Amino acid sequence: MTQLANANASVVVERLRTWNAQAVQQVIEYRGETTVVVPHHLLLATAKQCKENPDLNFDLLSDATCVDRFPIEPRFELNYSLVSIPRRDRLRLRTSVSAQQPVVDSLMPIWPGANWLEREIFDLFGIHFEGHTDLRRILLPEGFEGFPLRRDFPTEGKR
Amino acid sequence: MATSETALGTTKAMVLNMGPQHPSTHGVLRVLLELDGENVITAVPDLGYLHTGIEKSCEDKTYAQAITLTDRIDYLNPLGNNLVYCLAVEKLLGLEVPKRAQYIRVMMVELQRVSSHLVWLGTHALDMGAMSVMLYCFREREEILKIFERFSGQRMMTSYIRIGGVAVQPPAGWRDQVKRFLDMMPARIDEYEALLTENRIWQGRLKGVGYLSPETLIGLSTTGPGLRAAGVAFDNRKAFPYSSYEEFDFNVVTRTESDCFARYLVRVGEMRESLKIIRQAMDKITDDGPIKTEAPGIVPPQREKMKTEMEALIYHFKIFTEGFSPPPGEAFATVESPRGELGCFVASDGSPKPLRVHFRAPSFINLQALPFMVQGQLIADTVACIGTIDIVLGEVDR
């Protein structure tokens, strides 16, 4: 595997810990990738720090994705892939929300590109993004009922 | 949306449907255009007409079976999709792919890039009215598809790149075929440029159209030629090299004007750079050598071994019936697709089938910029902007 090893990882984590030690719940280093697990109420603030802190400078939100860990709680695990173009660095922010309250802050105020990424997660998993300007289904038809990518939704669909 | 009553002498905006059936939306894309005469006030894309639930389907298949689904996501870049998925799974498994297989992968993916840009150029020119360019581009693309057919038996949905390497050895005589293509191609690209680059109509249709600043583009998560035409030299092959790209000598093509014409120049330049990479890869690929890594239980054994050795037979049986189980964890691999940063996020729970496969589709994300690009411009410019973003609906909708 020749992807650039995350040499800057410890610097990034250290900056985030200095800013707010509560935000860095857990750090996972696996296969050359750094994941910072953040409590969901601190996600927006941490993301803002990642973008605006000049030592972090994660200007590009590459991807937002959800993993349904059903039946493990907290059920929905959100993964945000950040890229710093000037520093040639990558980071993953992870947070989890429960099935009873699948709500998390929208990252649109920080990266406008989060718009469709979050709409897709809402469409397929049913997670509500607080502060999203236009949260509605994007891939499935308007009247569709259910959230297909949840693990308890059958692949063949419901009829 | 304007829905109020209008007083006499004032105008009211009209909402018009562009698509989902439309020759210029490059697939089943529906764009609701709110128009003031010929000018666009707002454009709202409506997606999902090609949504087939590929990501959900991957969860029902073993890791190796899911490769065939990946071909069909960005159907103009099947090898790129194969590659990004295989890189993610290889990351999860901790597999190291042999250099020879990496060079073959690079060559195939760059051939795919040329083929994709040829389709882009042909269809974009067709939208703008330059119909003959379409036929020339598809004529050259035929040569690439013939190469793919020689290698894998398939013109488009090759599934040639597999976990651990590539599917089969390169066929006899492949070097002559690729060399003939490489010798012919630069002159053909010169032909396209002779028809278009200095053409007053082409420049008139594309210069100054669809401008977005680099800050806006990065904020909207745009990557690929659209971002490079704004002066941001971000290319995954250079920034986060994968599959031995750090051993290849090529340039990242950038412009600064960030309009449709700049994106055209960037993509044509990228075609030329790809030809350089293909030639270097062709020289690096040795006549003999491995095409897959040795990983019993994960990568299927060679057929000769499977037919004579007991262990190989057992491994073959286990791989094709049960599949292999990567350790629990997640991996995110990215490649530079012709459309931008193509990523694949794979999550494993320790079972033979993936827990979650997600594709970071550049067309889906780049399309977010469309409403910003076309605001205040003409409908004809909307056609140019949709073409310049270079979307493939299979990737937008998955």
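How many bridges join β1(B) to strand β2 of chain B, residues 30-36? Five, and the two strands run antiparallel. One pair to look at there is Leu16(B), whose bridge partner in β2(B) is Leu33(B).

Okay, quick housekeeping before the rest. What we have here is a predicted model, where local features need pLDDT of at least 70, side-chain atom pairs count only at pLDDT 80 or more, and totals for chains, interfaces and linings use all residues. Residues are numbered from 1 along each chain as its sequence is written, while chains are lettered from A and ligands numbered from 1 in the order in which they are written.

Now chain B as a whole. It has 17 helices and eight strands; these are DSSP runs, H or I over at least four residues for helices and E over at least two for strands, numbered from the N terminus. A compact globule of 398 residues would have a radius of gyration near 21 Å, and chain B, with 22 Å, agrees with that. That radius is taken over C-alpha atoms, and the globule rule is 2.2 Å times the number of residues to the power 0.38. Along the principal axes, the C-alpha atoms of chain B fill a box of roughly 90 × 45 × 35 Å. Buried residues make up 52% of the chain, where buried means 20 or more other C-beta atoms within 10 Å of the residue's own, with C-beta atoms placed from the backbone.

Nine of its 11 residues are buried, so it is largely enclosed by the rest of the structure. Among the buried ones are Asp381(B), Cys385(B) and Ile389(B).

What packs on it? The axes of α4(B), residues 99-128, and α16(B) come within 10 Å and cross at roughly 180°. That makes α4(B) roughly antiparallel to α16(B), the label for angles over 145 degrees. Axes here are lines fitted to C-alpha atoms over the stretch in contact, and angles run from 0 to 180 degrees between N-to-C directions. From α4(B) we get Thr123(B), His124(B), Asp127(B) and Met128(B), and from α16(B) Val383(B), Ala384(B), Gly387(B) and Thr388(B). A contact means C-beta atoms, placed from the backbone, within 7 Å.

On to the partner. The contact between the chains takes 40 residues from chain B and 31 residues from chain A. On the side of chain B that touches chain A, the largest share, four residues, comes from β7(B).

Last stop, chain A. Strand β5(A), residues 89-97, is mostly covered, with eight of its nine residues buried. Three bridges join it in parallel to β2(A), residues 33-37, and Thr35(A) has Arg92(A) as its bridge partner. Nine bridges join β5(A) to β4(A), residues 76-84, this time antiparallel, and there Val83(A) has Arg90(A) as its bridge partner. The hairpin of β4(A) and β5(A) has four residues between the strands, and in it Arg88(A) takes a positive phi near 50°.

Terms used:
Buried ≥ 20, exposed ≤ 12 C-beta atoms within 10 Å, placed from the backbone. Contact = placed C-beta atoms within 7 Å. Pairing = 2+ DSSP bridges. Parallel < 35°, antiparallel > 145°, perpendicular 65-115°, else oblique.
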